[in-house]
Amino acid sequence: MRLSRFHLATVKEIPADAEIASHQLMVRSGMIRKLAAGIYTWSPLGLRVLSRVERVVREEMNRAGAVELLMPSVQPRELWEETGRWEKFGGQLLKIRDRKEAEYCYGPTHEEVITDFARQELKSYKQLPVTFYQIQTKFRDEIRPRFGVMRAREFLMKDAYSFHLDAEGLAAEYRNMYDAYTRIFSRLGLDFRAVQADTGAIGGNASHEFQVLADSGEDQIAFSDASDYAANVEMAEAVAPADPRPAPSENLERVATPTQRSIEDVAAFLGLAPQACLKTMLVRGSEGLVALCVRGDHELNDVKVAKLPELPGVMELADETAILAATGAPPGFIGPVGLPESIPVIVDRSAAAMADFVCGGNQDGSHWRGANWDRDARLTRVADLRKVVEGDASPDGNGHLHVARGIEVGHVFQLGARYAEAMHATVLDDSGKARVMQMGCYGIGVSRIVAAAIEQNHDEAGIIWPEPMAPWQVAICPINPKHDAKVTAAAEALHAELQSQGLEVLLDDRGLRPGPMFADIELIGIPHRIVISERGLAAGTFEYRRRGESENRTLDRAELLRVFR
């Protein structure tokens with residue numbers, strides 16, 4: 001490819017709304033241009049990278065036995081009514097009407113469409129198992145699109161759906177897709193972890209996220225330093241302390257805390273560490289208020305709490321009026337000592353191991369000091385309520401947890417019969433009986449992978465692409481080609497030779513000065529740069545540098561060609 005015939009439009013200025021490196025560099029390199037909030041045009045440069053990712057995804061999905069199709073992006077309301085998601089999906093669902101006032105949505109996902117396809121096409125168990133996939137544009141009406149294509153409203157996704165006669169077949173394909181995803185992200189050169197995850201709005205029985213590790217990630221993941229255990233912080237189990245609860249050694253004493261409501265303020269006022277304090281929150285339960293207690297330095301895990309049988313499937317803090325009516329004290333002064341018997345007290349494992357702790361006094365402006373379970377405070381039951389933290393014991397018994405930020409680029413689900421049952425997607429088994437199919441769902445954020453790769457691979461000069469994702473593998477940079485026929489001829493000859501070896505090669509024949517030319521090549525992240533100059537030709541050498549390295553290497557032709565073998 002001759003750069004003079006390609007559209008490359010780099011810019012020096014960092015866009016005012018670009019908060020993270022990938023957004024800044026994708027705009028500066030000319031990969032994307034904003035059309036509207038969360039909606040971007042992919043330039044020829046950006047599309048080359050996107051196509052590289054698509055190619056790897058397709059190759060591995062085909063290798064795993066999946067069959068490609070293409071479903072409509074516009075979906076009729078009736079399908080979404082069958083599964084009950086027309087209203088439940090929420091504000092992210094972009095709803096539209098045609099000229100006949102029929103209602104549709106622009107697909108944020110395709111469970112309904114693929115299930116409709118399957119119930120029409122699949123009639124017998126002999127057609128199972130089967131996995132269909134597509135690479136298709138999706139739209140989710142994010143309330144606050146940001147970070148460029150990382151959290152865009154319109155994005156490119158690979159979504160796959162498998163159909164099975166039984167749960168065993170689904171479990172086998174889930175493992176197959178898990179392995180395929182591992183190969184995809186490994187081939188793309190990404191540092192990632194597969195983590196246990198919540199099934200969320202998609203639903204289902206089991207779920208793993210594939211997270212690219214990056215400081216800019218919005219998700220938090222926990223992984224062991226001594227095993228392959230990894231989970232989203234929302235799902236990671238916080239194991240109970242190994243040591244038993246100490247015996248009480250202090251008397252219960254009410255202390256005045258006139259304006260101290262937060263754990264931090266109470267601890268500082270009393271000269272204690274936050275972990276010596278107990279945090280108590282009242283939430284709405286299915287049959288009244290429920291008290292939840294965690295250690296002062298820990299945080300409640302909303303996902304874990306929502307699954308408690310005492311709650312209606314969501315965690316909602318009680319309002320101040322309800323708290324005052326139940327305890328006589330405002331928020332900030334609530335504790336388990338003396339709570340009404342009608343309020344269950346559910347205590348986190350670490351909090352249950354505390355002794356002589358400080359807690360709210362259920363009286364405005366006061367706390368209890370020297371409180372102990374059973375002696376002073378009622379404990380209904382112990383449960384895992386909190387988010388894990390750095391250094392916690394790994395739930396698998398091996399090592400300790402590290403907590404890092406991650407960018408979700410893939411997600412696999414065992415959906416079970418949720419959608420097939422709602423939409424009556426059945427096949428006949430070997431006895432002629434209609435059986436509801438079991439389903440799996442497997443998504444990859446193709447456009448998000450591009451941004452995630454940049455978050456992991458960049459420096460002050462620009463992008464450092466993993467080679468499988470780079471728009472070109474090699475850039476040839478001739479010095480002063482318009483005024484030196486030998487340099488031009490040598491560049492043309494090398495360009496042809498490297499292309500004949502199957503390499504993607506860019507020849508920068510724009511005639512720019514070395515500084516601006518090199519800056520562009522570094523900004524767009526091409527892995528290998530070869531400089532051809534009059535002086536080098538006279539010496540029979542080329543100047544070579546791999547992107548990310550600080551020093552050039554002077555190589556003769558044979559040495560240079562060996563770099564690419």
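Let me begin with a definition: a residue counts as buried when its relative accessible area is under 20%, as exposed when that area is over 50%, and as partly exposed in between. Keep that in mind, everyone, and please also remember that what we have on the screen is a predicted model.

Is Phe269 buried, exposed or partly exposed? Its relative accessible area is 45%, so Phe269 is partly exposed. Leaving aside residues up to four places away in sequence, Phe269 touches Ala256, Thr257, Pro258 and Gln260.

Now the rest of helix 7, which runs over residues 263–270. Which of its residues are buried? They are Ile263, Val266, Ala267 and Leu270. If you look down the axis of helix 7, those buried residues fall within an arc of 95°, so they line one face of the helix. Turn to the face pointing away from that buried side, and you find the exposed residues Glu264 and Ala268. And what covers the buried residues of helix 7? The cover includes four strands: strand 13 (253–256), strand 14 (278–285), strand 17 (357–360) and strand 18 (366–371).

Let me zoom out for a moment. The protein has 565 residues, and buried residues make up 50% of them. Its secondary structure comes to 16 helices and 30 strands. The C-alpha trace spans about 90 × 70 × 50 Å along its principal axes. Among contacts with a separation of 6 or more, 69% are between residues 24 or more positions apart.

Phe269 and Arg183 are 86 residues apart along the chain, and their C-alpha atoms are separated by 54 Å. Arg183 belongs to helix 6, and it takes part in the contact between helix 6 and helix 2.

So, on to helix packing. In general, two packed helices are described by the angle between their axes and the distance between the axes. For helix 2 (residues 44–63) and helix 6 (residues 167–187), the axes come within 9 Å and cross at roughly 150°. An angle over 145 degrees counts as roughly antiparallel, and helix 2 and helix 6 are therefore roughly antiparallel to each other. Helix 2 passes helix 6 in a right-handed crossing. On the helix 2 side, the contact is made by Val56, Val57, Glu59, Glu60, Met61 and Arg63. Helix 6 brings Met177, Ala180, Tyr181, Arg183, Ile184 and Arg187. Sorted by class, that contact has 7 nonpolar residues, 5 charged ones and no polar ones.

Helix 2 has another partner to show you, helix 12. Their axes come within 9 Å and cross at roughly 110°. That makes helix 2 roughly perpendicular to helix 12. This crossing is right-handed. Val49, Leu50, Val53 and Glu54 of helix 2 make the contact with Val446, Ser447, Ile449 and Val450 of helix 12. By class, the contact of helix 2 with helix 12 divides into 6 nonpolar, 1 polar and 1 charged.

Helix 12 (residues 446–456) also packs with helix 1 (residues 21–28), at an angle of about 105° and with the axes 8 Å apart. Helix 1 and helix 12 are therefore roughly perpendicular to each other. Here Ala21, Ser22, Leu25 and Met26 of helix 1 meet Val450, Ala451, Ile454 and Glu455 of helix 12. The residues of this contact, between helix 1 and helix 12, divide into 6 nonpolar, 1 polar and 1 charged.

Finally, some loops and their backbone. Where does Pro129 sit? You will find Pro129 in the loop between helix 5 (111–121) and strand 7 (130–139). A cis peptide bond joins Leu128 to Pro129, with omega about -5°.

Asp374 lies in the loop between strand 18 and strand 19 (381–383). Although Asp374 is not a glycine, its phi is positive, about 70°. Its relative accessibility is 59%, so Asp374 counts as exposed. His424, in the loop between helix 11 (418–422) and strand 21 (426–428), has a positive phi of about 55° and is not a glycine either. At 64% relative accessibility, His424 counts as exposed.

Key. Residues numbered from 1 in each chain as written. Predicted model: local features only at pLDDT ≥ 70, side-chain atom pairs only at ≥ 80, totals over all residues. Heavy atoms only, no water. Axes fitted to C-alpha atoms, helices over the stretch in contact; angles between N-to-C directions. Helix = DSSP H or I, 4+ residues; strand = E, 2+ residues; numbered from the N terminus. Parallel < 35°, antiparallel > 145°, perpendicular 65-115°, else oblique. Left-handed = near helix turned anticlockwise from the far one by under 90°. Contact = heavy atoms within 4.5 Å. Nonpolar A, V, L, I, M, F, W, Y, C, P; charged D, E, K, R; others polar. Buried < 20%, exposed > 50% of the residue type's maximum accessible area, 1.4 Å probe, protein only. Arc of directions from axis to C-beta.
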